[in-house]
Amino acid sequence: MEITEATHPAAATLTTPVGTIAVTSSRAAIVRVEWVDAESAPAPDHGDPLLAEALGQLRAYFDGRLGEFDLPLSLDGISPVATTVLTVLAETVGYGETVTYGELAARSGTGVPARAIGSIMGLNPLPLIIPCHRVVAGDGLGGYSGGPRGEGLATKRHLLEMEGALPSPLF
């Protein structure tokens with residue numbers, strides 16, 4: 001099979017207040033957002049307009065100028081149940097809001113128990129764009145697998161504070 005320009009994925013990185021993220025585009029949709037070490041970051045691909053738009057929207061998000069992403073997304077390879085849960089999250093939990101694992105389980109209508117919602121959030125290939133950081137435990141932040149290695153909860157807290165969903169610490 002020949003790989004053509006239209007199907008060859010493009011990737012680039014963005015330095016953010018919560019670490020370096022790599023964004024991958026299939027050139028038709030954004031397919032992955034992940035934290036990477038700056039040294040292992042992919043070389044930028046300046047030939048993909050969709051990738052450039054995604055990076056621009058992410059910059060605007062971190063600058064506080066964007067609350068909702070408007071990008072074509074792909075969840076290929078994710079189960080139908082997980083796709084439903086992630087879609088419900090993206091469509092019903094806005095900037096500055098949070099939802100508990102149990103509330104998201106109920107909203108999704110999938111019958112998935114609240115405990116499984118955390119696993120689905122960990123599978124999210126598009127963190128930030130599909131805002132899994134907005135899903136919290138009934139008695140606290142819960143977990144978070146995003147962010148630089150070992151800094152998941154600090155990253156989640158930073159994102160929620162930035163969005164105004166959590167008060168900033170006093171000290």
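Which residues in α3 are buried? In this predicted model, the buried residues of α3 are Tyr101, Leu104, Ala105 and Ser108. These residues cover an arc of only 105° around the axis, so they lie on the same side of α3. The elements they pack against are α2, β4 (99-100), α4 (114-123), β5 (135-136) and α5 (152-163). Just after α3, Gly109 has a positive phi of about 65°.

The contact of α3 with α2 can be described in detail. Two packed helices are described by the angle between their axes and the distance between the axes. For helix α2 (residues 80-92) and helix α3 (residues 101-108), the axes come within 9 Å and cross at roughly 105°. An angle from 65 to 115 degrees counts as roughly perpendicular, which is why α2 is described as roughly perpendicular to α3. On the α2 side the contact involves Thr84, Val85, Val88, Leu89 and Thr92, and these meet Leu104, Arg107 and Ser108 in α3. By residue class, the contact of α2 with α3 has four nonpolar, three polar and one charged.

Helix α2 also packs against α4. Here the angle is about 85° and the axes are 10 Å apart, which makes α2 roughly perpendicular to α4. Ala82, Val85, Leu86 and Leu89 of α2 make this contact with Ile117, Ile120 and Met121 of α4. The residues of the contact of α2 with α4 are seven nonpolar, with no polar and no charged.

In α4, Ile117, Ile120 and Met121 are the buried residues. Their arc around the axis is only 100°, so they are on the same side of α4. Arg115 and Leu123 are exposed on the other side of α4. The cover over the buried residues of α4 includes α2, α3 and β5.

The loop between α2 and β4 contains Glu97. This residue counts as partly exposed because its relative accessibility is 40%. Where sequence neighbours within four places are left aside, Glu97 is in contact with Thr92, Arg134 and Ala165. Of these, Ala165 is 68 residues from Glu97 in sequence, yet the C-alpha to C-alpha distance between Glu97 and Ala165 is 5.6 Å.

The strands β1, β2 and β3 belong to an open sheet. Its three strands follow the order β1-β2-β3, with antiparallel pairing. The edges are β1 (10-16) and β3, each with a single partner strand, so one side of each has no neighbour in the sheet. On average, and with direction ignored, neighbouring strands of this sheet are turned by 20° against each other. Strands of a sheet pair through backbone hydrogen bonds, either parallel or antiparallel.

Within the sheet, strand β2 (residues 19-25) and strand β3 (residues 30-36) run antiparallel and are joined by six bridges. Along this pairing, Ile21 is opposite Trp35 in β3, and Ser25 is opposite Ile30 in β3. The two strands form a hairpin with four residues between them, and Arg27 in the turn has a positive phi of about 80°. Helix α1 (residues 49-62) lies across β1, β2 and β3 and runs at about 15° to β1.

Conventions: Residues numbered from 1 in each chain as written. Predicted model: local features only at pLDDT ≥ 70, side-chain atom pairs only at ≥ 80, totals over all residues. Heavy atoms only, no water. Axes fitted to C-alpha atoms, helices over the stretch in contact; angles between N-to-C directions. Parallel < 35°, antiparallel > 145°, perpendicular 65-115°, else oblique. Contact = heavy atoms within 4.5 Å. Nonpolar A, V, L, I, M, F, W, Y, C, P; charged D, E, K, R; others polar. Pairing = 2+ DSSP bridges. Buried < 20%, exposed > 50% of the residue type's maximum accessible area, 1.4 Å probe, protein only. Arc of directions from axis to C-beta.
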